[in-house]
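Let's walk through this fold together, with the structure open beside the text. We will begin with a sheet, move on to a group of aromatic rings, and finish with a helix.

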Amino acid sequence: MSHDYKHIQVKPITGRIGAEIVNVELSSELEAHVIDEINQALLQYKVIFFKAQHHLDDAGQEAFAARLGTPLNHPTVPIKNGSKHILELDSAHGARADSWHTDITFLDAYPKASILRSVVAPVAGGDTAWANTTSAYATLPEALKVLADSLRVIHSNDFDYANSDLTVNKEALAKYKNFFKSTEYETEHPLVRVHPETGEKTLLLGHFFKRFVGFSSRESRKLFDLFQSHIVKQENIVRWRWEAGDVAIWDNRATQHRAINDYGDQHRVVRRVTLEGDIPVGVDGRPSQTFHKDEKFDIKDYRLSEAGIYEKVS
């Protein structure tokens, strides 16, 4: 996939993934042809970066995101106070998304893209890495492509990072898990989805993985390790060194990402808006399906404590 860009300047970062877009000030007022080329660059490079967008506040980020799609609230985590769609990840509350994942894949129509803004960046460390799951599929040995095309995978919200501190005591961890799982989702996806805009085939895994359909837990883990190892090869990865004001946008249908948890007790705050996606379709034309959803609690009935744990409002 290649494009000629007339209205934006695109600087590729690696051979397979990532590009910096320069001399663009993000806002909801951008002309339509600029938005179109930003979308083209996103599809081509999978994740794109904009430096020094200091003018953006929460409202500006939300308004810009709405030019790219329909904002989506996280289904099991409250949004930031005073915003409509922003999920804040604050290291002071233990939010360190330090395992490879694609956002919210325990839903069938999981997000198509995310817009992440750095608010507080560590002096050193705290980078984010993205992996190209399209090039990962394209470079599989042919026999593994045939196998991958036939597999279905269960994704679940048994665990998530969004506001947990997994290093706290067992009681706090138990409270967190009970909260995140208060609405339970299990969704069956094809391992290989066909991208709805590019037609490319892309691998759908990450840490919401639970098991492969028709395989035991042990067999599923071996298959996961096999395919996941191809996704996170160095050739498929780009790593971004954050400065406050930077914005990253990624195609959530064609990437995995993880935050690098190497910054100790330094403060790190990022704010994210996700955009509604569509239901994946496999190579055989079969769509994803959510077959278990147990809604027992309302997220609005909870509040965030000083310890960073969500508790029931009495």
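Two strands count as paired if DSSP finds at least two bridges between them. With that in mind, look at strands E7 and E15 in this predicted model: they run antiparallel and are joined by five bridges.

E7 and E15 belong to an open sheet of three strands, ordered E13-E7-E15, with antiparallel pairing. The edges are taken by strand E13 (237-240) and strand E15 (255-259); each has a single partner strand, so one side of each is left without a neighbour in the sheet. From one strand to the next, the twist averages 20°.

Now for the aromatic rings. A pair of aromatic rings is described by the distance of the centres and the angle of the planes. Rings pair if their centres lie within 6.5 Å, and by this rule the model has eight aromatic pairs. One of them is formed by Phe 49 and Trp 130, with 5.3 Å from centre to centre and 70° between the planes, which makes the pair edge-to-face. Phe 49 sits in strand E3 (residues 47-50) and Trp 130 in strand E7 (residues 128-132), so this pair ties together parts that lie 81 residues apart in sequence.

Are these two residues buried or exposed? Phe 49 has a relative accessibility of 0% and therefore counts as buried; Trp 130 is buried too, with a relative accessible area of 0%. Trp 130 also pairs with Trp 250: the ring centres are 5.5 Å apart and the planes meet at 55°, so this pair is tilted. Trp 250 lies in strand E14 (residues 247-251), 120 residues from Trp 130, and the pair thus links distant parts of the chain. Trp 250 counts as buried at 1% relative accessibility. Phe 49, Trp 130 and Trp 250 form one aromatic cluster together with Trp 240 and Trp 242.

Finally, turn to helix H6 (residues 217-231). Its 15 residues reach 21 Å from the first C-alpha to the last, close to the 21 Å expected at 1.5 Å a residue. The buried residues of H6 are Ser 220, Leu 223, Phe 224, Phe 227, Gln 228, His 230 and Ile 231. They cover an arc of only 150° around the axis, which puts them on the same side of H6. The face turned away from this buried side carries the exposed residues Arg 218 and Lys 222.

Key
Residues numbered from 1 in each chain as written. Predicted model: local features only at pLDDT ≥ 70, side-chain atom pairs only at ≥ 80, totals over all residues. Heavy atoms only, no water. Phe/Tyr/Trp six-rings, centres within 6.5 Å; stacked < 30°, edge-to-face > 60°. Helix = DSSP H or I, 4+ residues; strand = E, 2+ residues; numbered from the N terminus. Buried < 20%, exposed > 50% of the residue type's maximum accessible area, 1.4 Å probe, protein only. Axes fitted to C-alpha atoms, helices over the stretch in contact; angles between N-to-C directions. Expected span 1.5 Å × (residues − 1). Arc of directions from axis to C-beta.
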